[in-house]
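This report looks at one protein model and asks where its surface leaves open space and how parts of it are packed. Please view the sequence and the structure first.

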Amino acid sequence: LVSVMGALSSCAGGRRRRRPSRGVLVACLVALARCGEESSQRALRQRKVIVGDRSARVVRVASYDPRELRRAAARARNASTDGSVVVVTASRDYAPVLLNWLSAMERLGVRNWVVVCFDTYMRTLLEKRGATTSVTCWLGQWSKRERLRRIWTLRVEMLGDLVEAGFGVTLSDLDAIWLRDAHPYLGSADIVASRGSFPPWLSSTWGATACMGLIRFNVGSRRFVRRALKREVTENGDDQIAINLALDKDHVRWNAPNITYVGSTHTSTGVTRSGVTVALLPHTLFVRRCDLETHLDPARLVVSHCYTPKTVGAKRTSLATSGSWLLRDDWISVPPPTQLPGLAPRSGPQDPHPVFSAWLRSISTAPASTPR
């Protein structure tokens, strides 16, 4: 505002109303433009995420309100025992898959989740039934491939906001079904990930890679996320390529010369040149290739994330085949409860949305286990 007033004063030319020079006029216009841009940014309070190849000058934008994200995460953290939150994303097409995932979490009493909604339908569906930890992000209409690039880039940008704010953040795919509470396994390093085999050139070198379908970033990873991961995902448009390339460029050194993927029974650890610690969880407990793993013990399995094509129908079929589809067919017609039984106050994690939790239990075909 001060710069604008000064420029206007110069434009006026003093008491004699002299005609201002061309340089003064340009300075006046620049000051006004800057003021307008800053005011617009403050009014929107949105974070813009660049998606695409910088060298090709392809710039596309996704936006969200970072303050809304942090408020939702703060509410979700009240339900956590380790100060972390679990972040998932969903749009209207994936509503049944999301509710199935949430039903599995409710069965375990795990409620420290945040849902990033890509349309108003998804946000409205959750809030009308009592959910309090959902946020909205604008994506727009794109091809399937481009939409995935935008989602993957957005997840990393949101991850950076939350880690910088002091949250431990677990990113989970909706078909990564928690059969047991995974939190006790996720605090052993700055980055703790399930195992994958993509990208193949790093999998062939290391033996396995970090899978973004289930991965925890603890607060010790904030500098790595800010300086390395964000840059790689902006340039590559794929979060799993980004995390593994960032680790490779930071010269990660594993505790064994060749780690394994399928059949691994122990956690593999490593450390990067910048001091970031990394842990890859055993595939026999956090399974990805269900068709290849021969050492599965259902009584010990923690997360089942069987590989399937990225379509709603394929994921539902796979989950039903593995016995992980918990959602009733008539879930859309089940109203939320109007009254809840009186609950005695207790210490420890608190349910941020008891009405929504009760509704999840009513649309699930599986009995709830004892909450943790």
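## The largest pocket

The model is predicted. Its largest pocket has a volume of about 1400 Å³. The lining of this pocket consists of 46 residues, and those nearest the pocket centre are Tyr94, Leu148, Trp152, Lys310 and Lys315. Two or more lining residues come from each of β3 (84-90), α6 (144-164), β9 (209-217), α9 (239-249) and α10 (312-321).

Helix α6 gives the largest share of the lining, eight residues. Sorted by class, the lining holds 16 charged, 13 polar and 17 nonpolar residues.

## Serine 318

Helix α10, which contributes to the pocket lining, also holds serine 318. Is this serine buried or exposed? Serine 318 has a relative accessible area of 18%; the cut-off for buried is under 20%, so serine 318 counts as buried. Leaving aside residues up to four places away in sequence, serine 318 touches Cys306 and Thr308.

## Helix α3

Helix α3 runs over residues 66-77, twelve residues in total. At 1.5 Å a residue, α3 should span 16 Å, and the 16 Å between its end C-alpha atoms agrees with that.

Which residues of α3 are buried? They are Pro66, Glu68, Leu69, Ala72, Ala73 and Ala76. These residues lie on the same side of α3, because they cover an arc of only 155 degrees around the axis. An α-helix has 3.6 residues a turn, so residues three or four places apart point the same way.

How values were computed. Residues numbered from 1 in each chain as written. Predicted model: local features only at pLDDT ≥ 70, side-chain atom pairs only at ≥ 80, totals over all residues. Heavy atoms only, no water. 1 Å grid on protein atoms, 1.4 Å probe; cavity = no way out; pocket = protein on both sides within 12 Å on 5 of 7 lines; lining within 4 Å. Points joined across faces, edges and corners; volume = space filled by probe spheres on them. Helix = DSSP H or I, 4+ residues; strand = E, 2+ residues; numbered from the N terminus. Nonpolar A, V, L, I, M, F, W, Y, C, P; charged D, E, K, R; others polar. Buried < 20%, exposed > 50% of the residue type's maximum accessible area, 1.4 Å probe, protein only. Contact = heavy atoms within 4.5 Å. Expected span 1.5 Å × (residues − 1). Arc of directions from axis to C-beta.
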